Amino acid sequence: MEFTAEQKDYMRRALLLAEKARGFTEPNPLVGAVIVKDGAIVGEGYHHKAGEPHAEINAISAARNKTRGASMYVTLEPCAHYGKTPPCANAVVRAGIKEVFIALEDPNPKVDGRGIRILEEAGIAVHTGLMRREAIAQNRVFLTNQIKKRAFVALKSAQTIDGRIGPADGRPLIITGEEARRRGHFLRRDCGAMLIGVRTALKDDPSLNIRYDIDHPPDRPVRIVIDPQMRLPLTGKIWNGTKEPVLIYTLSDVSSSLRRKIEGMGGSIVSLPHENGVIDPLRLTVDLLERGICGVLVEGGAHTLTRFLEAGVWDEYHCFVAPKFLGTDGINVFDRPLKETLALNVSVSSELCGEDLHITYKNHSGVESCLPESLRKRDPSAESGVIHLVRR
């Protein structure tokens, strides 16, 4: 089916509505819905927060008594199971909707085409694939969770033109400008958790919080430290009276007294199986998802970034490049030469971010390559160029 410009506009509106809840819906996906009747929008809604009504329900409620015979545009297949809320597909049928446009099928095994079948068995015309590419990009965290069974991983570095992240002597130095730093805090909010290695924790004593008055849930971001030998001091800023949990991944045996003390400060100690004394990034991200942590922003330092990149456990890499040089005395963004085998299938986009350059690398060896065939269909509404849906 070839979609019209008007139909694309309605789905684009649904995508923009869904984006309003970025950072608040996990472990649920971002979903927006628009109801159209006689050429006009009569109701719209989006999923605000996990446990609250879904997008379709909010749109039907907003449309009141105008849903019968209307068309619905929804960014993800309506759910077909009872969770914290009833099935949305049944609600769409009861509302008398005659036609539903769905951007993307839901790979969740509890849905996985069942929502579409409920609609079709009720005599509703269903059209899938409208702005599929944008819907995949918008729900990259949810899709990674469902298909790869691990947390979504975004890497982030702030570096000079010559690839340095700080002076070799360890003295504090702000690399990027205000706008890039602010963008980094949005990434923390969007991922929901952030991770550093213990070397960075010891050198920088970071708070690992969200600033710039960015709206975010009170338990975000979860702070994660890879600390194989339990060297993280209990007097650092990371423990300063905040509500966000602290997870420490270690290889060491931890005494019961130290464990109780850390738990009393809001922390948790996680010991993972390991090989050769090294924590496996894949096992770590699988464990994160099992704990309900859907995405993580890996902020470094150099050793930690290199470990995730070499392991292939990453989905996006956000590289902020400042118009500065540090020369041979600076610390390289990666702590050793990377293997030639790391040539990957990536797409690259860039934009100015204040005085700096924000380069985004998307790893297409990630969730896109693992999508079921139905989700990798050609998007009949695809257009050239990039549509940015990120709410700042």
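Is D287 buried or exposed? The points below take up this residue and several others in what is a predicted model.

1. D287 is buried, its relative accessible area being 11%. Its side chain forms a salt bridge with that of R291, with an N to O distance of 2.6 Å. R291, by contrast, is partly exposed, at a relative accessible area of 44%. The pair therefore joins a buried residue, under the 20% limit, to a partly exposed one.

2. The model contains 14 salt bridges in total. Among them is the contact between K156 and E299, whose closest N and O atoms lie 3.7 Å apart. K156 belongs to strand β6 (residues 152-160) and E299 to strand β12 (residues 295-300), so that distant parts of the chain, 143 residues apart, are linked by this pair.

3. E299 also takes part in a salt bridge with R188, at 2.8 Å from N to O. R188 is located in helix α7 (residues 178-191), whereas E299 is in strand β12; the pair therefore ties together parts separated by 111 residues in sequence.

4. K156 counts as buried because its relative accessibility is 15%, which falls under the 20% cut-off. E299 is likewise buried, with a relative accessible area of 19%. R188 is buried as well. In general terms, side chains of opposite charge can pair when their charged atoms come close.

5. Helix α6 spans residues 140-148 and is mostly covered, seven of its nine residues being buried. The buried residues in α6 are R140, V141, F142, L143, T144, N145 and Q146. Just after this helix, K149 adopts a positive phi of about 60 degrees.

6. The disulfide count for the model is zero. C79 is in no disulfide: the nearest cysteine sulfur, belonging to C88, is 3.6 Å away. C79 is buried, with a relative accessible area of 8%. C294 is also buried, its relative accessible area being 3%.

Note on methods
Residues numbered from 1 in each chain as written. Predicted model: local features only at pLDDT ≥ 70, side-chain atom pairs only at ≥ 80, totals over all residues. Heavy atoms only, no water. Salt bridge = Lys/Arg side-chain N within 4 Å of Asp/Glu carboxyl O. Helix = DSSP H or I, 4+ residues; strand = E, 2+ residues; numbered from the N terminus. Buried < 20%, exposed > 50% of the residue type's maximum accessible area, 1.4 Å probe, protein only. Disulfide = S-S within 2.5 Å.
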